[in-house]
Amino acid sequence: MCGIVGYLGNRNATPIILEGIKRLEYRGYDSSGLAIIDGNKNLKIFKESGKIVELERALPGPDETYGTIGIAHTRWATHGEPTKINAHPHTDSQKRIALVHNGIIENYQLLRKKLEEEGHSFESETDTEILVHLIEHFCLEEVSLTDAVRQACKLVEGTFGIAVINRDNPNEMIAARRGSPLILGIGNDEFFVTSDVSAIIIHTKRVIYLQDNEIVTIHRDGFEITNLENERIDAKISEVDWDVSSIEKGNFKHFMLKEIFEQPISVQNAFRGRLMEKLSTVRLGGLMMNGNELKKIKKIQIIGCGTSWHAALIGKHIIESRARIPVEVEYASEYRYKNPIIPENTLVFVISQSGETADTLAALREAQARGATVMGITNTVGSTIARESDAGVYIHAGAEIGVASTKAFTSQVTVLTLLAILLGRMNHLSPTYGATFIKELRSIPGKIEKILEMNDLIREIAESIKDYTNALYLGRGVNFPVALEGALKLKEISYIHAEGYPAAEMKHGPIALIDENMPVIAIALKDAIYDKIISNLQEVKARNGKIITIATEGDKVVKKFSEHVIYIPETMHILQPLLSVIPLQLLSYHVADLKGLDVDKPRNLAKSVTVE
Ligand code: F6R
């Protein structure tokens, strides 16, 4: 949510920070802006509402925007509408200091009142403008900008990742964080600040992930990190292992399509090095728990939001059925407010692609405050959830840029399935089952590839449903959460209202909605409950519902009542979601694309939701 990029070096900052925020546009895209200091110590600010392309169009020629220090921001509005005036950077009263900010200042009204009493006046409706005025308040002649930022940070309640420049000193940039991610990039005689490494990895892969309440002071020849008590911090430099191609669209029209097509590899990366053929089990070293500790687990809680929550529901089904350990799946946003019960020997998992989702982070902290051991399942190395969890498992899906989560979902499901087998083998699953599972899991990437070959067929089916305004997704057992996920994908990028239901539950209400205007997308795979779901679909057919069925290769029955059938390869029951979700992702993608919508940046959404 919102993206920050800053640059201090020998090159022209403007194209670098502009390109940087474009790479972060998936995080927020309702307005944007940048500030540079030119060679004559002029602070120049450019802002626009709308997508970054509007800012780019509005920029004057290169001479007017040249400066070797600059900060930029792409916004997802929280306080104040996405107007030009509310866009960042914001400045102090004297237009000396410019600041970009991710996060929310919770006590901004109180601070605003105090500052107004001192004579400050504000142009925007944002909480951010208060912060830059607060820095100005402390930035007296004998006080360094770093100390002024430090004093301001001490007074602020809430979350922030900020980058600050002062026109009086074009050789210095300050950045600080609490609760919002912030990264220092170290290049050759140049430095970067960003909220997300994808903005800078074309320039450098050497980074420092700043910790909460740390402030970095960057000069042209080096940097220093301190904390709120002004103690010096020796931070570790990490090497980002992402490839630049992971943040490019390549030949794909959208990131979402690219990411759907990456799943044969991303799923493989989620299980790579974790299958132990000899013992017919799996290994999840990141949990840092030995066999004795794992055997003591009596209950599991998995907490997440959105698509991650759907992956957790699949995890519940598989862990309960294979490891026989009860699992509770919780919405992170509800967890901390419900006075959660965490019995002894409960292992808590938080699951988050971004590792920065505010609700999930708050739930993690609540569970830890109640004495629980909390494991993180995340995609993002160095993220707040990765750092604050007691231990955890990375899903290794690579950068996910499309706002609608696709490959992260299948990687999360893969990791949760591995967890189920690990725990199941410790309890009562046989080596034969373990060996069959490993063999079958290894075949999944090839089977996903086969489904991806049906892309053109799925686009044709999408054409046939794109003008409807509602859709119903049905699934049973382990495929019920897949139905939920299919419905979420459709609504978030194509704005078609969609619901996911356990197929048999339909007759308890939603059946009233079925008529020729309601496409029903059903997952009806050959397994123990196949006959049941076929009966449910007959009920839809009898009411003129238009049925699109995801079926097992070779199934001739479903053809009789389905308008369209998408055949997917057969697999073990617990691995079905890894296949059944792929056509649903493609279907949503094509519906949105055929409707001419901005697939990667759906309205009102942002990639990582860092506000509660
Ligand atoms: C849906 C989607 C969201 C996220 C949710 C949690 O496509 O992307 O529902 O799944 O905001 O995000 P993470 O997993 O980053 O915590």
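## Burial and basis of the model

A residue is called buried when its relative accessible area is under 20%, exposed when it is over 50%, and partly exposed in between, using a 1.4 Å probe and protein chains only. By this rule asparagine 107 is buried, since its relative accessible area is 10%.

The model is predicted: local features need pLDDT of at least 70, side-chain atom pairs count only at pLDDT 80 or more, and totals for chains, interfaces and linings use all residues. Residues are numbered from 1 along each chain as its sequence is written, and side-chain values use heavy atoms, with hydrogens and water left out.

## Domains

The protein chain is assigned domain 1 (3–247), domain 2 (249–449) and domain 3 (454–601); such bounds come from an automatic or database domain assignment. Taken over C-alpha atoms, the centres of domain 2 and domain 3 are 25 Å apart. Contact, meaning heavy atoms within 4.5 Å, links 37 residues of domain 2 with 29 residues of domain 3.

## Ligand site

The ligand has 14 residues around it, and those that come nearest are Ser308, Ser352, Ser354, Thr357 and Glu492. A residue is near a molecule if one of its heavy atoms lies within 4 Å of it. Domain 2 (249–449) and domain 3 (454–601) each give at least three residues to this shell. Helix H9 (306–323) and helix H16 (480–494) each supply at least two; helices are DSSP runs (H or I) of at least four residues and strands are runs (E) of at least two, numbered from the N terminus.

By residue class, the shell holds four nonpolar, eight polar and two charged residues. Here Ala, Val, Leu, Ile, Met, Phe, Trp, Tyr, Cys and Pro count as nonpolar, Asp, Glu, Lys and Arg as charged, and the others, Gly among them, as polar.

Polar contacts are pairs of N or O atoms within 3.5 Å; within protein, one atom must be able to donate a hydrogen and the other to accept it, and residues adjacent in sequence count only if both atoms are side-chain atoms. Serine 352 places a side-chain N or O atom 2.7 Å from an oxygen atom of the ligand. For glutamine 353, a backbone N or O atom lies 2.7 Å from a ligand oxygen. Serine 354 has a polar side-chain atom 2.7 Å from an oxygen atom of the ligand. The ligand taken alone exposes 410 Å², and the protein buries 90% of that; these areas come from the Shrake-Rupley method with a 1.4 Å probe, and for residues only the protein chains shown count as cover.

## Asparagine 107

Asparagine 107 sits in the loop between strand E6 (97–102) and helix H3 (108–117). Its side chain reaches the backbone oxygen of leucine 155 at 2.9 Å. Apart from neighbours within four places in sequence, asparagine 107 contacts Leu155, Val156 and Glu157.

## Phenylalanine 223

Phenylalanine 223 belongs to strand E13 (residues 222–227) and is partly exposed, at 29% relative accessible area. Not counting residues up to four places away in sequence, phenylalanine 223 touches Leu184, Ile186, Phe191, Ile208, Val216, Thr217 and Ile218.

## Backbone exceptions

Most residues other than glycine have a negative phi, and most peptide bonds are trans. Histidine 88 and proline 89 are joined by a cis peptide bond, with omega about 0 degrees. Proline 89 lies in the loop between strand E4 (69–75) and strand E5 (90–91).

Serine 280, not a glycine, has a positive phi of about 50 degrees. Serine 280 is in the loop between strand E15 (275–276) and strand E16 (281–282) and is buried, at 10% relative accessible area. Tyrosine 495 also has a positive phi, about 60 degrees. Tyrosine 495 is in the loop between H16 and strand E23 (497–502) and counts as partly exposed at 27% relative accessibility.
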